[in-house]
Amino acid sequence: MKTKFIISLIAIGSLFPINSIGQTLPSGQSIANKTHARNEGISLSRKLTMELKDKRGKIRIRETTSIRKYFGEEKRLAIFYLTPKSVMGTAFLTYDYPDASLDDDQWLYMPALRKTRRISAANRGDYFLGTDLTYEDIKLETRINREDYNYKTIGKELIDGHECFVIEGIPKSNEIAKELGYSKAKLWVDVTIWMLRKADNWDVAGNYLKTIEITDIKKVQGIWTYHKIYVKNHKTNHETTFHIDDVDYQTKISDDAFTKEALVNGI
């Protein structure tokens, strides 16, 4: 009987981790799920400025308009490049389906080629247009991938004075790791607003790859909103900073803005 009792305690502990002072922590999977349950409004428009800095310190600026809208549980996101002239007219569109059995649809329009290219699931770990975020990172924003990782909660830590759950994610298979470009992720999620505040990633060879920091988080029209994302690639010493301004959750956005035709014609 004593042996069965001990085994039961071990089983419970694997489902509900306990920290160093005896507090029960939520599972990593439940934390990932809660980042998706957070209120993000129905629609969103914003100005997104990308600052790209190479290892020599040279800085390039990209200015875009980004829009997002929920169609039920399906999320659609579009980014339209405004400047500089060399990338003006470039546009990206993603359909994030709630059904995990379906691959999300992503398209990239390149005006120089006059062609819209579909981004396959096998390419979602590719870097997005010279930045240090992947196509998958861009799609998720400050949410956590729910389907592709096995998670465990490893504790609590403060990030910029905010208490966060710390979880570790390992891709469920080598094939998924290759698609994502990551073999491991360490994630810090705010315990109050369920938003990602920091992430460390390791490449498929197990090398420390990059750090993502989400800051300047404040309410806009009643919704918690991030205004800055900083990414450092530790292998290339390349850095990307995303500055978010002119955030608006209230202006209605036409469904037609989230089509392949809109990628070509703009909004």
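Guide: What follows is an account of the cavities and the residues around them. This is a predicted model, in which local features need pLDDT of at least 70 and side-chain atom pairs count only at pLDDT 80 or more, while totals for chains, interfaces and linings use all residues. Residues are numbered from 1 along each chain as its sequence is written, and side-chain values use heavy atoms, with hydrogens and water left out.

A search of the whole structure finds 2 cavities of 30 Å³ or more. A cavity is a set of points, on a 1 Å grid over the protein atoms alone, where a 1.4 Å probe fits but cannot get out; lining residues have an atom within 4 Å of a point. Grid points are joined across faces, edges and corners, and a volume is the space filled by probe spheres set on the points.

The largest cavity holds about 390 Å³ of space. It is lined by 30 residues, and the closest to its centre are Asp 137, Ile 138, Leu 140, Glu 141 and Arg 143. Helix α3 (residues 135–140) gives the most to this lining, with 4 residues; helices (H or I, at least four residues) and strands (E, at least two) are DSSP runs, numbered from the N terminus.

The second largest cavity holds about 90 Å³. Its lining has 13 residues, with Glu 40, Arg 68, Trp 224, Tyr 226 and Tyr 249 nearest the centre. Two or more residues of this lining come from each of β1 (43–53) and β12 (223–233), and β12 supplies the largest share, 3 residues.

Key. 1 Å grid on protein atoms, 1.4 Å probe; cavity = no way out; pocket = protein on both sides within 12 Å on 5 of 7 lines; lining within 4 Å.
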